[in-house]
Amino acid sequence: MENEKGLIVNSLDEVFRTSMIAYAEDVILDRALPRVEDGLKPVQRRILYDMYEMGLTPDKPHKKCAKIVGDVLGKYHPHGDSSVYGALVHMAQDFNMRGPLIDGHGNFGTVDGDGAAAYRYTEARLCPLALELLADIDKDTVNFSLNFDDTMEEPDTLPGRFPNLLVNGAMGIAVGLATNIPTHNLGEVINGTVAFIDNPKISLKEMMKYIPAPDFPTGGYLICDDELTEAYKTGKGKVKIRARVNIEKESGDRQNIIISEIPYQVNKAELLRKISELKEERKDVLSGIADVVDESDRNGMRAVIKLKKDTDAVPILNFLYKNTALETSFNINMVAIANGKPCQLGLLEIIGYYVNYQREVVLRRCKFELERAKERAHILEGLIIAVKNIDEVVKIIKNAENTQDAREKLRKRFSLSEVQANAILDLRLARLTKLEVVKLEQELAELKKRIEELTEIISSKANQW
């Protein structure tokens with residue numbers, strides 16, 4: 001309400017109700033949480049769609065990230081450039097994504113916690129896997145909405161031809177909500193999805209034969225029991241990840257502890273520094289450690305804990321598991337946007353939403369292709385009539401006063417539609433040979449067969465599955 005000085009005075013309660021709730025809703029639905037259909041947050045979806053529009057497919061050269069970031073900001077995502085570049089970098093990092101969606105060229109950061117180079121130095125293009133998310137987007141498979149300034153349209157979701165939410169997982173913090181979805185093996189998730197389509201009443205126990213556990217890009221071992229089953233059932237739980245470690249024997253009764261894989265999202269440099277610090281602080285337990293060396297190279301990870309002569313590696317290893325990030329916990333919290341609101345979803349629920357969405361994508365694609373096939377068949381029928389009666393067609397066109405007159409006379413003589421008549425008038429002379437007539441008839445026969453197939457799919461839910 002307005003006071004005597006002309007100032008608008010509202011209670012804090014009212015301000016929270018009108019402003020905070022709207023802000024929270026925007027952060028939850030349009031920023032921090034992924035959609036269950038394609039497993040993407042808005043900024044990720046906008047980057048992939050913009051790169052697709054720019055033609056940055058795997059067969060094309062890389063383009064400067066500065067150009068991509070600027071294009072995304074100007075067209076779809078009016079926020080800070082760091083948010084766009086940060087999301088782009090994340091989708092290119094093979095130690096964060098189980099299946100990277102962007103092929104980065106240059107320094108895109110490391111597992112040691114090094115940041116990516118500035119976007120004026122790096123280049124990117126789409127990975128083949130990203131094209132599966134974007135497949136058939138031009139065939140009316142998804143809904144589009146106006147962008148922030150109403151000058152163009154952007155997709156609400158991508159067609160998502162593989163279950164990206166489970167494959168690449170998600171991490172985000174909204175207002176009062178957070179999500180932490182682990183990554184999974186692409187082949188296992190697809191097998192599980194197919195099993196769900198074959199049997200929508202499949203039990204979680206049966207599903208876990210196909211998708212036994214998360215599969216993290218940095219490797220390591222999963223240590224889990226009934227907690228994982230509970231996490232897959234309810235969408236909330238915890239698993240332990242332990243580094244892959246081997247004990248190598250050296251000459252002279254020496255042993256080395258070799259770390260070849262580390263838990264997901266653990267900084268390798270920080271981990272080795274922590275081990276070095278503990279070596280000095282806890283000499284009562286770790287006096288047997290001689291040195292900690294990082295021998296990682298382009299061929300893979302290899303960190304070596306060198307032990308002194310006659311030192312037993314097992315108690316040292318057990319101490320390090322307990323006191324360092326050689327063993328960590330991953331808190332599973334599977335929250336995604338489903339039916340327009342944030343939901344905590346179990347494994348079967350995520351797959352259920354995904355397959356129903358895919359059936360809708362298939363149905364919409366088939367309807368689009370059917371319309372185009374019918375349009376093309378209609379034109380071919382007119383062209384075949386024209387080529388078979390070419391002498392008469394040429395005579396009509398030759399004697400016509402103008403294009404409009406020729407069109408009308410052709411329509412009247414051969415009972416053609418306006419579209420067919422226009423196609424005949426646009427016909428090139430080179431297509432009047434006998435061979436071209438055969439080609440037209442073959443194309444029409446193939447189209448009619450395709451129309452039958454598409455009609456069967458559209459009319460049958462079983463065929464859509």
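Trainee: How many salt bridges does a search of the whole structure find?

Mentor: The search finds 30 salt bridges, a salt bridge being a side-chain nitrogen of Lys or Arg within 4 Å of a carboxyl oxygen of Asp or Glu. This is a predicted model, in which local features need pLDDT of at least 70 and side-chain atom pairs count only at pLDDT 80 or more, while totals for chains, interfaces and linings use all residues. Residues are numbered from 1 along each chain as its sequence is written, and side-chain values use heavy atoms, with hydrogens and water left out.

Trainee: Which residue meets Asp-136 in a salt bridge?

Mentor: Arg-365 does, with an N to O distance of 3.4 Å. Asp-136 is in the loop between helix H5 (128–134) and strand E4 (144–146) and Arg-365 is in helix H13 (residues 347–388), so the pair ties together parts that are 229 residues apart in sequence. Helices (H or I, at least four residues) and strands (E, at least two) are DSSP runs, numbered from the N terminus.

Trainee: Is Arg-365 buried or exposed?

Mentor: Arg-365 is buried, at a relative accessible area of 17%. Buried means under 20% relative accessible area, exposed over 50%, and partly exposed in between, with a 1.4 Å probe and protein chains only.

Trainee: Which residues are linked with Asp-136 and Arg-365 in a network of salt bridges?

Mentor: The network also contains Lys-139, Glu-369, Arg-450 and Glu-453.

Trainee: And where do Lys-209 and Glu-206 lie?

Mentor: Both are in helix H8 (residues 204–210), three residues apart, which is about one turn of the helix. Lys-209 is exposed, with a relative accessible area of 59%, whereas Glu-206 is partly exposed at 34%.

Trainee: What about Glu-280, which residue does its side chain meet in a salt bridge?

Mentor: Its partner is Lys-279, at 3.2 Å from N to O. Here Lys-279 is buried, with a relative accessible area of 17%, and Glu-280 is partly exposed at 46%.

Trainee: Turning to the sheets, what is the strand order in the open sheet of four strands?

Mentor: The order is E10-E11-E13-E12, with antiparallel pairing. Two strands pair if DSSP finds at least two bridges between them. Strand E10 (244–250) and strand E12 (289–294) are the edge strands, each pairing on one side only. From one strand to the next, the twist averages 20°. Axes are lines fitted to C-alpha atoms, for helices over the stretch in contact, and angles run from 0 to 180 degrees between N-to-C directions.

Trainee: How many bridges join E10 and strand E11?

Mentor: E10 and strand E11 (residues 254–261) pair in the antiparallel sense over seven bridges. Glu-250 stands opposite Arg-254 in E11.

Trainee: Which helix packs on the sheet?

Mentor: Helix H10 (residues 268–281) does, touching E11, E12 and strand E13 (303–307); contact means heavy atoms within 4.5 Å. The direction of H10 makes about 165° with that of E12.

Trainee: Where is Ser-251 found?

Mentor: Ser-251 is in the loop between E10 and E11 and is exposed, with 67% relative accessibility. Its C-alpha atom is separated by 63 Å from that of Gly-340, 89 residues apart along the chain.

Trainee: Now the other strands: which strands does E9 pair with?

Mentor: Strand E8 (residues 221–223) pairs with strand E9 (residues 236–242) in the antiparallel sense over three bridges, and Leu-222 has Ile-241 in E9 as its bridge partner. E9 also pairs with strand E14 (residues 327–333), in the antiparallel sense over seven bridges. In that pairing, Arg-242 stands opposite Glu-327 in E14.

Trainee: A last topic, backbone angles. What is the phi of Asp-310?

Mentor: Asp-310 has a positive phi of about 65° although it is not a glycine. Asp-310 is in the loop between E13 and helix H12 (313–323) and is exposed, at 61% relative accessible area.

Trainee: And what is the phi of Ser-415?

Mentor: Phi of Ser-415 is near 55°, a positive value in a residue other than glycine. Ser-415 lies in the loop between helix H15 (403–414) and helix H16 (418–425), and at 65% relative accessibility Ser-415 counts as exposed.
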